[in-house]
Amino acid sequence: MAALQSRRLAAAGYAVLQIDLFGCGDSSGDFADARWEIWKRDLHIALGWLKPRVDGPLSLWGLRLGATLAADVARDPGQGIEQLLLWQPVSNGEQFLTQFLRLRLAAEMLAEGTAQTGVRELRETLHGGVPLEIAGYDLHPRLAAEIDALSLADLAPAVKRVHCLEVTAMPEPKVSPASQRALEAWRLKGLDVRAAAVGGEPFWSTIEAAECEALLAATEGSLSDES
């Protein structure tokens with residue numbers, strides 16, 4: 001989906017730099033060594049690469065936890081970011097981490113027929129400084145703690161406009177209540193926030209590659225609407 005959207009934005013005249021964060025995708029490093037500050041530094045490096053090469057306003061675009069990361073980086077007005085494009089942002093880091101830990105429990109149930117631990121025990125392991133292997137990746141306690149402490153409402157960015165788009169399988173697509181609360185907190189701080197939801201499957205969590213044409217079209221429409 002990110003590649004499809006990048007190509008479509010490029011065809012519409014946008015200069016798009018798509019990156020893999022440290023320890024993710026095809027980037028260098030192991031996920032076990034990833035940290036929130038390292039990921040923020042990756043975005044700073046990407047912005048530094050773009051600025052002398054692109055004559056135009058800068059925007060940050062992210063999916064899920066990457067959207068929350070983009071908001072955190074955009075809090076610095078010195079970065080010169082004018083817009084945020086958020087796809088399905090994580091509004092509560094604690095809930096996100098809990099969902100990630102449940103992948104470990106699901107794997108245990110598939111392998112053993114029952115989960116050998118619970119979320120509380122896994123959290124206690126992390127609090128004790130011991131990494132956890134989840135879905136084939138080693139989660140470091142420090143990164144877990146950094147994610148756990150995230151709250152989108154507290155990461156109001158220093159930008160001119162925020163576009164937030166979500167995908168839902170509900171018959172009448174609506175932005176999730178959690179996102180609505182976080183975005184309303186931003187509006188109360190004077191931010192121009194535009195949010196919408198489209199119908200589709202959660203492509204970020206499907207086993208097979210999935211597409212959501214409605215999100216691609218909504219993204220192009222939101223960015224072209226500067227009124």
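R142 is partly exposed, with a relative accessible area of 48%, where buried means under 20% relative accessible area, exposed over 50%, and partly exposed in between (1.4 Å probe, protein chains only). The closest N and O atoms of E146 and R142 are 3.4 Å apart; a salt bridge is taken as a side-chain nitrogen of Lys or Arg within 4 Å of a carboxyl oxygen of Asp or Glu. Both residues belong to helix α6 (residues 141–148) and are four residues apart, about one turn of the helix. Helices (H or I, at least four residues) and strands (E, at least two) are DSSP runs, numbered from the N terminus.

The model is predicted: local features need pLDDT of at least 70 and side-chain atom pairs count only at pLDDT 80 or more, while totals for chains, interfaces and linings use all residues. Residues are numbered from 1 along each chain as its sequence is written, and side-chain values use heavy atoms, with hydrogens and water left out.

**Salt bridges**

The structure holds 11 salt bridges.

| Pair | Closest N and O atoms |
|---|---|
| R8 and E220 | 2.7 Å |
| E37 and K40 | 3.8 Å |
| E146 and R142 | 3.4 Å |

R8 forms a salt bridge with E220. This pair links distant parts of the chain, with R8 in helix α1 (residues 2–11) and E220 in helix α8 (residues 213–224), 212 residues apart. R8 is partly exposed at a relative accessible area of 27%, and E220 is partly exposed at 24%.

E37 and K40 both lie in helix α2 (residues 36–50), three residues apart, about one turn of the helix. E37 is partly exposed, at 46% relative accessibility, whereas K40 is buried, with a relative accessible area of 15%. A network of salt bridges links E37, K40, D72 and R75.

**The sheet**

Four strands form an open sheet in the order β1-β2-β5-β6, with parallel pairing; two strands pair if DSSP finds at least two bridges between them. The edges are held by β1 (58–63) and β6, each with a single partner strand, so one side of each is left without a neighbour in the sheet. On average, neighbouring strands of this sheet are turned by 15° against each other, direction ignored. Axes are lines fitted to C-alpha atoms, for helices over the stretch in contact, and angles run from 0 to 180 degrees between N-to-C directions.

How is strand β5 covered? Strand β5 (residues 161–168) is mostly covered, with eight of its eight residues buried. In a regular strand the side chains alternate between the two faces of the sheet. R161, H163, L165 and V167 point one way from β5, and V162, C164, E166 and T168 point the other way; all are buried.

On one side, β5 pairs in the parallel sense with strand β2 (residues 81–87) over five bridges. V162 in β5 is the bridge partner of L84. Strand β6 (residues 193–199) runs parallel to β5 and is joined to β5 by seven bridges. In β6, R194 is the bridge partner of H163. The chain passes from β5 through helix α7 (residues 177–188) to β6 in a right-handed β-α-β crossover. A crossover is right-handed if, with the strands pointing away from the viewer, the path from the first strand over the helix to the second runs clockwise. C164 stands opposite A195 in β6.

T168 and L215 are 47 residues apart in sequence and 10 Å apart in space, C-alpha to C-alpha. L215 lies in helix α8 and is buried, with a relative accessible area of 1%.

**A nonpolar surface patch**

L17, I19 and W49 make a nonpolar surface patch of about 260 Å². Patches are made of residues with over 30% relative accessible area and no salt bridge, like charges being joined within 9 Å and nonpolar side chains (Val, Leu, Ile, Met, Phe, Trp, Tyr) within 5 Å. Accessible areas come from the Shrake-Rupley method with a 1.4 Å probe; for residues, only the protein chains shown count as cover. I19 is placed in the loop between α1 and α2 and is partly exposed, with a relative accessible area of 34%.
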